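Here is a friendly walk through the side chains of one protein model. Keep the sequence and the 3D view open as you read.

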Amino acid sequence: MNVILFQISVVFILVLCDMNLHAQTYTLEPLDSVITRIQQNSQSNQSSRITNYNATKSPQWYHLLPTIGYNAFARGISINFNLSSIISISDKKRTQQYQKSEWKRTEDIELTRKTIQAKTAYKLLQNELEKAIQYQQIAEIDSITHLIKKKAYENHKINTEDYHEAKRRYLAHQEKIFDMREKILEIANQISQLQQKELFLVAPFINI
């Protein structure tokens with residue numbers, strides 16, 4: 001009779017547990033928010049680089065001023081323009097424009113790379129979260145089963161083999177959940193670095 005009651009209690013607890021576990025979910029920052037942040041960082045980096053570059057490369061316009069003197073032969077004032085200075089400044093402007101164009105090109109390439117990397121990591125993170133939540137349900141059921149069988153074992157209602165099997169399953173799933181948690185943290189950290197802001201993520205078994 002006790003064995004039957006024990007089995008019924010196990011089934012009843014597992015059914016209730018399964019009902020609650022299906023309500024588990026996670027909250028994750030939208031991908032659009034992540035991509036927008038990466039784009040804003042790229043634009044800011046590019047603007048800062050060009051601003052700093054312009055500050056150190058300001059043109060020396062006084063070189064363009066004409067030289068004024070006295071022409072003894074003509075017995076009058078002579079005004080001379082330094083054509084080489086004009087050419088030099090023009091060359092510098094072309095060089096600066098080329099440098100800015102190169103920075104923009106490389107920044108656009110880097111932005112594309114980060115965007116693709118972020119989208120790939122985000123999709124992988126979603127998949128890992130879904131798998132982890134499903135596995136968490138199994139792990140919690142095994143945890144309850146382990147506690148019930150431990151109590152039954154202490155009361156000499158089940159044999160040692162049944163208890164150790166329940167304990168083995170419980171410990172194996174706990175280790176698996178830990179590995180999944182570490183992988184999720186690693187992916188979330190990658191996305192955080194890409195957007196230079198901590199990724200908002202809340203799940204039943206992890207808070208960051």
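## A buried glutamine

Q46 is buried, with a relative accessible area of 12%. Here buried means under 20% relative accessible area, exposed means over 50%, and partly exposed is in between (1.4 Å probe, protein chains only). Q46 belongs to helix α2. Helices (H or I, at least four residues) and strands (E, at least two) are DSSP runs, numbered from the N terminus.

Which residues does Q46 touch, not counting those up to four places away in sequence? They are K104, E107 and D108, where contact means heavy atoms within 4.5 Å.

## What you are looking at

This is a predicted model, in which local features need pLDDT of at least 70 and side-chain atom pairs count only at pLDDT 80 or more, while totals for chains, interfaces and linings use all residues. Residues are numbered from 1 along each chain as its sequence is written, and side-chain values use heavy atoms, with hydrogens and water left out.

## Salt bridges

Side chains of opposite charge can pair when their charged atoms come close. A salt bridge here is a side-chain nitrogen of Lys or Arg within 4 Å of a carboxyl oxygen of Asp or Glu. How many salt bridges does this rule give? The count comes to seven.

One of them joins the side chains of E29 and K197, at 3.2 Å from N to O. E29 sits in the loop between β1 (27-28) and α2 (31-56), and K197 in the loop between α4 (160-195) and β4 (201-203), so this pair ties together parts that are 168 residues apart in sequence. E29 counts as buried at 7% relative accessibility, whereas K197 is partly exposed at 32%.

## Pairs that involve helix α3

E110 forms a salt bridge with R113, and their closest N and O atoms are 2.5 Å apart. Both residues lie in helix α3 (residues 83-154), three residues apart, which is about one turn of the helix. E110 is partly exposed, with a relative accessible area of 28%, and R113 is partly exposed too, with 41%.

Another salt bridge brings together the side chains of E128 and K183 (3.4 Å, N to O). This pair links distant parts of the chain, with E128 in helix α3 and K183 in helix α4, 55 residues apart. Is E128 buried or exposed? At 5% relative accessibility, E128 counts as buried, while K183 counts as partly exposed at 37%. E128 and K183 also belong to a network of salt bridges that includes K131.

## The nonpolar core

A nonpolar core is a set of buried Ala, Val, Leu, Ile, Met, Phe, Trp, Tyr and Cys residues joined through side-chain atoms within 4.5 Å. The largest such core has 25 residues, and those touching the most other members are L28, L125, L129, I184, I191, L199 and F205. The elements α2, α3, α4 and β4 each give two or more residues to this core. Helix α3 gives the most, with eight residues.

For a closer look, pick L129. Leaving aside neighbours within four places in sequence, L129 is in contact with Y26, L28, I184, L201 and A203.

## A backbone detail

Most residues other than glycine have a negative phi. Q196 has a positive value, with phi near 55 degrees. Q196 lies in the loop between α4 and β4, and counts as partly exposed at 46% relative accessibility.
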